[in-house]
Amino acid sequence: AWERQKDIRDVMILLQSYGVSSAYAPRIYKAYGKDTIGILHNNPYRLAMDIYGIGFKTADRMASSMGISKQSPKRAKAGVLYVLGQLSDKGHVYFPYEDLVNITSEDLNIDKDIIENALKELSEESLVVMRKITNSSAVYLPSIYASESGVINRLSLIMKTAIKHVAIDADKAIEWFESRHGITLANKQREAVSSAINGKVVIITGGPGTGKTTLIRVIIEILEKKGIRIQLCAPTGRAAKRLGQATGRSAKTIHRLLEFNPSEMQFDRNQKRPLKLDMLIIDEFSMVDIVLFYNVLKALPNHARLILVGDVDQLPSVGPGNVLKDMIGSGKIKTVKLERIFRQARKSLIIVNAHRVNKGEIPYLSSRHGKMDFFFVKRESSEEVLETVKEFVSSRIPGRFGFDPIDDIQVLAPMHKGLVGVSNLNNHLQALLNPSRNGIKRASNEFKLGDKVMQLRNNYELGVFNGDMGRISSIRQAKDDVEVRVDFYGRQVCYNLQNLDELSLAYACSVHKSQGNEFPAVVIALHSQHYIMLKRNLLYTAITRGKRLVVIVGNFKAIAMAVNNIKENERYTSLRQRLRDEALL
């Protein structure tokens with residue numbers, strides 16, 4: 001043990017000499033053992049590939065201090081993997097070979113022939129996967145290629161396996177539910193219920209107010225009566241809680257359902273230990289990326305029914321893939337699209353306007369027929385937008401509607417940068433809403449006791465995931481470290497200097513990060529300076545985050561730009577084509 005501690009101290013000294021946090025030393029030593037010093041001197045880029053939390057930029061600084069050339073083949077190989085990782089963070093499943101070479105060369109200042117050689121070596125070492133797609137070469141990270149291939153194989157097997165047979169007359173079962181609850185289902189809803197009863201994998205998609213939640217309740221009540229074991233889940237804690245409240249049943253996050261094991265860094269539920277159920281219903285499925293969906297399918301028994309419920313017109317998942325859209329577009333999965341807005345839902349201007357935007361129509365910008373849940377506050381300059389957002393969040397909305405400015409009101413913006421971008425909005429709202437002096441500065445952020453914060457990436461060790469929101473419950477500073485505790489939905493999670501940069505303030509957040517969440521009140525800062533991001537599905541997603549109140553603060557030009565821009569950011573995915581070509585469904 002003494003010898004091990006001495007070795008770790010030597011690693012700490014080496015890291016510190018190159019400006020890398022010594023807190024990583026135990027983790028690095030655990031990975032490399034007695035060979036640690038030699039490995040780091042020979043190829044510091046291994047840190048970026050092997051050690052969670054150390055990225056390419058940190059390894060690159062260390063390599064530069066050691067005198068390793070910018071044109072080094074080791075740097076090129078690590079750089080390609082870094083760029084592919086960045087591209088997957090933007091939603092790509094693969095990237096075209098030529099484009100990947102060009103981007104890596106430009107971003108990292110490496111000659112193209114060196115990058116091409118690096119790609120060849122990475123392919124030979126199975127660190128990237130190369131495949132032909134139409135007329136070009138596609139480059140995948142192995143884990144993402146395995147996930148996409150796994151989704152196809154598992155879907156095929158599940159759909160070919162017979163369901164647990166139950167004797168149900170779908171029409172009579174629907175009539176039983178209708179008479180019991182005093183409602184009448186629309187034709188499309190009846191089709192969806194019948195498909196869920198008789199099919200294996202069914203997608204139910206539709207906008208707000210089209211009866212998706214009602215359908216889930218119908219399916220549950222009918223099939224539970226016949227002894228079918230049903231489990232409900234959703235991608236986020238908020239969405240799972242909402243699903244549970246709407247159905248009166250237990251609903252879990254997908255990660256909790258699959259029993260993530262942080263010590264093993266994998267899910268305990270898998271093909272060897274499948275879920276004990278006959279039907280799985282996943283709500284807010286548009287948020288589910290290709291990797292998470294593969295893990296769901298691995299844990300699903302072959303005989304089980306799978307019901308995927310989501311809104312295909314919302315923004316795609318934060319992670320890689322465009323799973324819901326690709327599955328629908330393949331034509332291989334039974335899909336029921338709900339389009340009728342029900343009478344009760346038509347009383348909400350939020351819902352009416354969401355559908356208007358989705359159809360390419362300008363939303364109603366003033367209250368109509370007594371509907372008082374949607375407002376447009378016209379402000380031309382970004383300075384006016386900022387001040388008005390602050391006023392509405394801190395006093396106008398709480399005073400008129402009784403909403404808590406931190407817990408109930410969520411500010412959304414299309415971009416992070418700019419006067420009315422997420423970063424600046426957070427700084428102003430923190431100063432306005434949280435007077436606490438108990439805080440800690442970290443890079444460009446200051447975190448204070450009571451702050452509303454968001455997790456920025458999946459951290460399987462802590463059990464918190466991209467987009468999770470919480471409140472800082474305690475801050476304790478030590479000589480060389482800090483302990484920041486965050487309350488996530490009643491669960492305390494402890495952060496230190498090593499992972500504190502995974503948090504950001506969340507008084508305001510991007511529309512992308514708000515997916516799967518629903519808030520009592522939403523204030524959308526929308527200005528034409530955000531023109532790069534102003535797209536129809538972004539505005540539609542933003543509006544549908546508000547449950548009881550939506551306020552847009554900005555200029556009319558920005559709304560018109562968003563409504564009329566149907567161009568989506570292209571994601572390179574191959575699931576749709578591969579489902580058509582490969583799957584025996």
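Two strands count as paired if DSSP finds at least two bridges between them. Strands (E, at least two residues) and helices (H or I, at least four) are DSSP runs, numbered from the N terminus. This is a predicted model: local features need pLDDT of at least 70, side-chain atom pairs count only at pLDDT 80 or more, and totals for chains, interfaces and linings use all residues. Residues are numbered from 1 along each chain as its sequence is written, and side-chain values use heavy atoms, without hydrogens and water.

Select β1 and then β3 (residues 136-140). They pair in the antiparallel sense over 3 bridges. Pick Tyr94: its bridge partner in β3 is Tyr140.

Now show the whole open sheet. Its 3 strands run in the order β1-β3-β2, with antiparallel pairing. β1 (94-96) and β2 (129-133) are the edges; each has a single partner strand, so one side of each lacks a neighbour in the sheet. From one strand to the next, the twist averages 35° (axes are lines fitted to C-alpha atoms, for helices over the stretch in contact; angles run from 0 to 180 degrees between N-to-C directions).

Six strands, open and parallel, follow the order β6-β5-β9-β10-β4-β11. The edge strands are β6 (251-253) and β11 (334-338). Zoom to Ala234: its bridge partner in β6 is Thr253.

Finish on helix α16 (residues 323-330), which touches β4, β10 and β11.

Definitions and conventions. Contact means heavy atoms within 4.5 Å.
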